[in-house]
Amino acid sequence: MQLRSTERQLGCALALCFLALIPWGIPRARALDNGLAITPTMGWLHWERFMCNLDCQEEPDSCISEQLFMQMAELMVSDGWKDAGYEYLCIDDCWMAPQRDSEGRLQADPQRFPGGIRHLANYVHSKGLKLGIYADVGNKTCAGFPGSFGYYDIDAQTFADWGVDLLKFDGCHCDSIQHLTDGYKYMSLALNKTGRSIVYSCEWPLYMSPLKKPNYEEIRQYCNHWRSFADISDSWQSVKSILDWTSSHQERIVHVAGPGGWNDPDMLVIGNFGLSWDQQVTQMALWAIMAAPLLMSNDLRNISPQAKALLQYKDVIAINQDPLGKQGYQLRKASNFEVWERPLADLAWAIAVINRQEIGGPRSYTISIVSLGRGVACNPACHITQLLPVKRELGFYEWTSELKIRINPTGTVLLRVEKRSHTSKSLI
Ligand code: GLA
């Protein structure tokens, strides 16, 4: 396809306008220098699905026990999760015994984790996976187990000795902002001092924001990912509230994300009970756009083939894990549609259009191609593949053309836009 030179000039001018319209094109802050989470962490985390179930008598299959994690580890390997990139098997709250040991160290509940955490870590490592654990910066964990305040060095060393690979550090039961801030920083340094590579997952901004505006540039220097918003639950209401919080704060958070440090909108709840198929598609697509850690919280022993295929969808995971490491943002919101976009490596873009209307049937949305990717994604032309809800090659589009898509209520169409010309079929 050949463009006339006036069209080309207009295209370039438009592209510059779009670039100027993005106010948060600020350079990224320095990341925590531990060499980890170069792309968003992928794995499984027990909290949303299994919570704090301590009753192994009545519910042996869903209580928080070493058996649960061993079963998940096996399935992560045998059912293709590890091959798809899900590597970290993470324990959340409620693994601890109610008291520290005589030397002040945390210990696992002896009934539910008879082999102890070191044994579990060895097992998880033997499967080629990594183990995550949970602790709290304050006096107690959110569920009331021993907190790390006053024990940061001991706890960091204990986790390193056990062979732990990730720490989720919660922020309950802190007395002050100072305690919260200093505690999160101190633990980061304590983990580094152990010499073991341990991904550091924080909830610092979530607990800080009611009291003081979080400084995300500073948080990025200490944490590999950080939660800013309330816990996810298994509902569309919850997923929507996370998307709304993210878009309404994007000027503050998007530019901070990048290799080594990511905004964490919380777990994937795909494969559970509360989301319709279209809503699960929306969660997968938008977590890819947001460069979010992909930590599933579901039951891998009992998951539908459809949810499994969605969670293991290579092309969507590739967007989440894109090496350019730039988080996407909401581009436009009108008539109950939202358009989000994310710049990718090799001048490609991911585009997600959500139909936020919760009444009626599928609705059509017309994308003006020139508006995509800050005006440059399709200048002068591009190739578009629809990835979700089903994969379809949509073909070549010129920068002046339009694309009409249909989207189910609460569903999303996810597109990959590549800069290829019609004739050469190669990168422009
Ligand atoms: C907080 C966290 C959750 C989970 C629970 C555990 O609410 O935000 O992700 O870890 O504590 O008690």
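**A guided walk**

An unreviewed UniProt entry annotates residues 325–411 as "domain: Alpha galactosidase A C-terminal"; such annotations may be inferred rather than shown by experiment. This span is 0% helix and 54% strand, and its end C-alpha atoms lie 25 Å apart. Helices (H or I, at least four residues) and strands (E, at least two) are DSSP runs, numbered from the N terminus.

A word on conventions: the model is predicted, with local features needing pLDDT of at least 70 and side-chain atom pairs pLDDT 80 or more, while totals for chains, interfaces and linings use all residues. Residues are numbered from 1 along each chain as its sequence is written, and side-chain values use heavy atoms, without hydrogens and water.

Next comes the largest nonpolar core, with 129 residues, where Tyr-86, Trp-95 and Trp-287 touch the most other members. Because domain 1 (14–320) and domain 2 (329–418) both contribute residues, this core lies between them; the bounds come from an automatic or database domain assignment. A nonpolar core joins buried Ala, Val, Leu, Ile, Met, Phe, Trp, Tyr and Cys residues through side-chain atoms within 4.5 Å.

Now look at Leu-300, in the loop between β8 (294–296) and α13 (305–311). Leu-300 is buried at 3% relative accessible area (buried is under 20%, exposed over 50%, partly exposed in between, with a 1.4 Å probe and protein chains only). Beyond four places in sequence, Leu-300 touches Trp-44, Met-72, Leu-75, Met-76, Asp-79 and Trp-81, where contact means heavy atoms within 4.5 Å.

Lys-314, in helix α14 (residues 314–320), is exposed, at 67% relative accessibility.
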